Every structure is written in C-alpha cells, then in structure tokens.
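Hello,

Here is the structure I said I would pass on. My notes on it follow below.

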Amino acid sequence: MADEEPKLLTYIPEVILKKRKSNEEWALKRRQQLEERKVRSKQNKAFNLKTAEQYIQEYCSRELDLIQMKHRRKRRKPSLAKLDSKLLFVICIQGKNDMHPKTRKILHSLRLRKIFDGVLVKASEGILEMLQKVEPYIAYGCPNLMNVKELIYKKGYGKIEGQKVPLTDNNIIEQALGKHGIMCIEDIVHEIANVGPHFKEVTSFLWPFTLNKPDGGFQGNKKLYNDGGDASNRGDKINELLSKMN
C-alpha cells in the first residue's frame with residue numbers, strides 16, 4: 001500500500017496573523033473596559049443614593065406641579081378664534097424630574113416623551129385645553145410652510161410596524177398612506193400644511209420630531225413666553241425657535 005502524500009499546510013500571510021492578534025488583544029481590552037465600567041456604575045449608584053430630604057423635595061415639587069395644573073385648568077379656556085392657523089407645532093422644553101404623573105400622562109398622550117421632542121397637531125378646543133394644563137413644559141405656535149417642509153425633509157421619520165424608518169423612499173409612504181391618496185413627501189407636506197382630511201392619519205404615521213438644543217439653550221425656568229420666559233404659546237414666533245432647533 002502506497003504511502004499517502006503529506007497534506008500541505010494552508011499558508012496564512014503574516015499580515016493577517018498580525019491583524020488577528022491585534023483584534024484579539026483589542027477584544028480582550030474592550031471586555032476589560034466594559035467590566036470596569038460595570039463596576040464603576042455600581043459604585044456610582046451606591047454613592048448617589050438619594051437622601052430622605054431629596055425624596056421629600058421631589059414629592060413636594062410634584063404635588064406643587066399638580067396644584068398649579070389645577071389652577072391653570074380653572075383659567076379661561078384658550079380661544080380657537082385667536083389662533084392664526086389650525087396647525088400647531090408643540091415642543092417639549094422641560095425635563096420631568098419635578099413633574100407630576102398626571103402632567104407626564106398628558107405629555108405622553110401628545111407623544112412628547114423626551115425633551116426637545118416635537119409634534120404637529122390640529123388645533124381644537126380639546127388640544128388647547130391639554131396644552132394649557134402642561135404649558136410650563138412646552139412651547140408651541142403656528143409654524144409656516146417653510147418650517148413644516150424643512151422639518152419633514154430633514155427630520156422626518158415614519159412609523160412602520162412600530163419601527164422608526166427614515167423617509168428615504170416614496171414607496172414607504174405609498175405603502176402606508178397610499179389608500180388616502182398620499183404617495184410622496186410632497187403629499188405629506190401638503191396634507192399637513194393645509195390640515196387636510198387625512199391629517200390625523202399622516203401625523204400618526206410620522207414619528208415625533210427630534211430637535212436640536214438651540215444655541216444658548218433655554219432659561220431653565222417655567223415662565224410663560226409673554227412674561228419673558230420660554231414656555232407656552234408663541235404664535236408665529238415659534239418659527240424663529242424652529243429655525244434654531246431644526
């Protein structure tokens with residue numbers, strides 16, 4: 001029986017071997033960094049435990065927020081006739097640390113879950129009443145066509161099966177809104193700017209807009225715009241803020 005010929009070893013270039021070794025070292029280093037980060041995170045949590053005074057202060061702030069919301073609800077209801085447009089853009093401009101759960105619930109119903117989130121809504125008595133209840137935490141007003149268009153083109157995302165999808169293809173829009181005669185981004189802009197018959201379907205399809213922090217930020221207080229603050233109704237002055245945040 002003839003001797004079997006020895007199999008040749010697979011040749012691996014030295015460059016590849018060095019790269020493999022480098023990748024292994026990097027992966028090991030990365031794993032160590034992650035473990036160290038976990039340890040630091042646990043230590044920070046243990047160090048940053050809230051005191052009883054902090055809990056009491058937070059509780060008092062939230063209860064005060066609820067009382068102030070009830071007072072706002074007793075004020076005269078905003079009038080639709082005073083608005084320049086049926087289209088409103090609403091931005092969340094305050095954090096939620098001292099916010100009462102009822103205030104947070106209203107913001108969530110407006111789809112404002114994070115600071116600097118913005119949504120387009122159709123003005124109605126119900127919407128204006130909701131905005132009045134949470135006005136220290138929001139800024140709103142009547143956006144012009146240019147800002148509506150820029151928002152949708154630059155920061156527009158659709159919601160497909162619960163997923164955030166960029167509006168890079170008109171086929172996405174046609175599949176979601178084609179049954180309403182809306183086939184492209186221009187149709188979305190037209191429907192929103194004119195508060196058309198399918199406004200609700202279009203805004204439900206659009207993901208809330210994530211805006212940038214404006215240069216200089218906000219004042220950090222809850223004063224109303226007419227009193228020299230940042231919050232509440234700005235009318236058409238909302239367009240100046242949108243230009244800074246878009």
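This is a predicted model: local features need pLDDT of at least 70, side-chain atom pairs count only at pLDDT 80 or more; totals for chains, interfaces and linings use all residues.

Sorted by class, the lining of the second largest pocket holds seven nonpolar, three polar and three charged residues.

Next, helix α5, which spans residues 145-155. Its buried residues are Asn147, Val148, Leu151, Ile152 and Lys155. Viewed down the axis of α5, these buried residues fall within an arc of 130°, so they line one face of the helix. The face turned away from that buried side carries the exposed residues Leu145, Met146 and Lys154. Among the elements that cover the buried residues of α5 are β1 (87-92), β4 (157-160), α7 (185-193), β6 (209-210) and α9 (238-245).

Last, the cores. In soluble globular proteins, nonpolar side chains tend to be buried together. Which members of the largest nonpolar core touch the most other members? They are Ile91, Ile188 and Ile192, out of 32 residues in that core. At least two residues of this core come from each of β1, α5, α6 (170-177), α7, α8 and α9. Leaving out residues up to four places away in sequence, the contacts of Ile91 include Phe116, Tyr137, Ile138, Leu211, Ile238 and Met245.

Regards

Notes
Residues are numbered from 1 along each chain as its sequence is written. Side-chain values use heavy atoms; hydrogens and water are left out. Ala, Val, Leu, Ile, Met, Phe, Trp, Tyr, Cys and Pro count as nonpolar, Asp, Glu, Lys and Arg as charged, and the others, Gly among them, as polar. Buried means under 20% relative accessible area, exposed over 50%, partly exposed in between (1.4 Å probe, protein chains only). Helices (H or I, at least four residues) and strands (E, at least two) are DSSP runs, numbered from the N terminus. The arc is that of the directions from the helix axis to the C-beta atoms. Contact means heavy atoms within 4.5 Å. A nonpolar core is a set of buried Ala, Val, Leu, Ile, Met, Phe, Trp, Tyr and Cys residues joined through side-chain atoms within 4.5 Å.
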